[in-house]
Amino acid sequence: MTKSQVSAALIHQIEQELDEDEKEMMIFLCRDLAPDLSNVDIRELLGVLNETGRLGLSELLYRLRRYDLLRRALGTEKTAVETDLARNPRAVSDYRVLMVEINEELDKKEVSSLIFLLKDYVPRMKMAKDKSFLAVVCDLEKLNLVAPDQLDLIEDCLQNIHRIDLKKKIQKYKCEALSTSGSQPMYINALQASLPNLTLIDPPFSSGIQNMNKERCLNGQHAIQTELVHTSIQESGANSLEVKKMVYDDRYRMQSRPLGVCLIIDCIGNDVDMLEETFKALSFEVLCYRYLSVEAMNQTFHEVARLQRHRDYDSFICILVSRGSPHSIFCTDQTFPGYPLDRVKKFFTGDSCPDLLGKPKLFFIQSYIVPADQQEPTSLLEVDGNEQKITTNNRRLRNCSIPPVADIFWSQCKVDVSLLERSPNSPSYYLRTLAQLLRNPLNRKLPLLDIHIELNSRVYDWNRTSDLQPPYSLLLQHTLRKKLFFSS
């Protein structure tokens, strides 16, 4: 982009017009243009860039979306700047523009969450709670944890605060960088610009972060490491650099054999054979239990959650079929309050079952709802919940940025218990349709969420065409972070 020197009066006017947040953004955008001056005030920074002929003021104001200043101070319009940017080299890197865009999208609470998550990576990092996202990025740049070609850490953090939209922005930036360069792009950050002799081989803290990432859950933070890529730098006396190219997948790893344990507890007795056949065909180790009491069910959950082979498997499935209330299952005891469904989930969260941390945990519940006036008020003997105190894996949990409640898929279908009275031997239409969809090889190439959408559609179609039967009602809740496929 064409740049010409401007007057000191104009720089003073710009300084007066910008608020503190805008000044911070402008300084961040200029960090690669004047790395030694990145911490000075805006007037001095713009003055030095102006003297050296590197000040693209119209581009900077455009990036700040100060179109009013473009018109009043520089006498140009937004469209003219966009045309100039499309035709000429840009002064500001796409990486810095991206970080500024993310900064504008995050609120203070989200930035605070990011700062908290980053403490897992750099415990010694002294970051005040009121820091801006751009200030955090600058700190990470100084430690070589973030760079234009090194954004996986920020991606992970955005994933964990559920800002998938911003993560997708980073992924789009990566794709565009690769398509533009034709290979893994080579950038330098502000620290490297100020230290030209610093190479990209083994940057400070790099090996430590890589080792820590390996200690984290490989399924939850699934990474496929390819061979070393040798890239030559065409400079006098320059040695070839070895760059480890990491390809991060947006799918859960589903490659173990078996894929995982599938626990089926059927207290009605109509569905277990069909379900066992289906999930064995999907390469799961199926454990079937029929007609359990609340106490026996509680013991079963304890035992299954402690299975050491979860460590070697990539997923877990639990299927429950029973009479109950909307929030509990009665098992064979037929008494209220039954067994809380929330307690079932807690047995297999990452804090209770660390071997499943970062791995998808799927729950399919068929509840035959007993009306409140038909529930017996008798209280059962209180059973212990999931009170496992697992201390041997505390270090692994602290080093893992994945929340314990992540990676859960909870599908519950409710129907009035009168359906069993009318058709006591008929399988659940919900579970029967689920099994049919999963047995279809074409459907297994779809992500689980898409399969469940089709399941919803079929169940609701069934409701419309079965006026004499009580309707099925579906509830789907999930904290999945990636797409889940049952086939490679």
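Is M25 buried or exposed? Select M25 and find out. This is a predicted model, in which local features need pLDDT of at least 70, side-chain atom pairs count only at pLDDT 80 or more, and totals for chains, interfaces and linings use all residues. Residues are numbered from 1 along each chain as its sequence is written, and side-chain values use heavy atoms, with hydrogens and water left out.

**Stop 1: M25**

M25 is buried, with a relative accessible area of 7%. Buried means under 20% relative accessible area, exposed means over 50%, and partly exposed lies in between (1.4 Å probe, protein chains only). M25 sits in helix α2. Helices (H or I, at least four residues) and strands (E, at least two) are DSSP runs, numbered from the N terminus.

Now show the contacts of M25. Contact means heavy atoms within 4.5 Å. Leaving aside neighbours within four places in sequence, M25 is in contact with L64, V100, N103, E104 and L134.

**Stop 2: α2 and α3**

Select residues 20-29 for α2 and residues 42-51 for α3. Two packed helices are described by the angle between their axes and the distance between the axes. Here the axes come within 10 Å and cross at roughly 35°. Axes are lines fitted to C-alpha atoms, for helices over the stretch in contact, and angles run from 0 to 180 degrees between N-to-C directions.

Which residues meet? K23, M26 and I27 in α2 meet I42, L45 and L46 in α3. The residues of this contact divide into 5 nonpolar, no polar and 1 charged. (Ala, Val, Leu, Ile, Met, Phe, Trp, Tyr, Cys and Pro count as nonpolar, Asp, Glu, Lys and Arg as charged, and the others, Gly among them, as polar.)

Stay on α3. Its buried residues are I42, L45, L46, G47, L49 and N50. They pack against α1 (8-17), α2 and α4 (57-63).

**Stop 3: α9**

Select residues 133-142. In helix α9, 9 of the 10 residues are buried, so the helix is largely enclosed by the rest of the structure. Among the buried residues are F133, C138 and D139. After α9 comes N144, with a positive phi near 60°.

**Stop 4: aromatic rings**

Show Phe, Tyr and Trp. Their rings (for Trp, the six-membered ring) pair if their centres lie within 6.5 Å; planes under 30 degrees apart count as stacked, over 60 as edge-to-face and the rest as tilted. By this rule there are 14 aromatic pairs. Take F279 and F284: their ring centres are 6.1 Å apart and their planes are at 80°, so the pair is edge-to-face. F279 counts as buried, at 1% relative accessibility. F284 is buried as well, at 5%.

Next, select F316 and F363. This pair is also edge-to-face, at 6.3 Å centre to centre and 70° between the planes. F316 lies in strand β5 (residues 315-325) and F363 in strand β8 (residues 361-369), so the pair ties together parts that are 47 residues apart in sequence. Both F316 and F363 are buried.

**Stop 5: D407**

Where does D407 lie? D407 is in the loop between α17 (394-399) and β9 (408-416). D407 is buried, with a relative accessible area of 0%. Not counting residues up to four places away in sequence, D407 touches several residues, including Y252, K359, K361 and R481.
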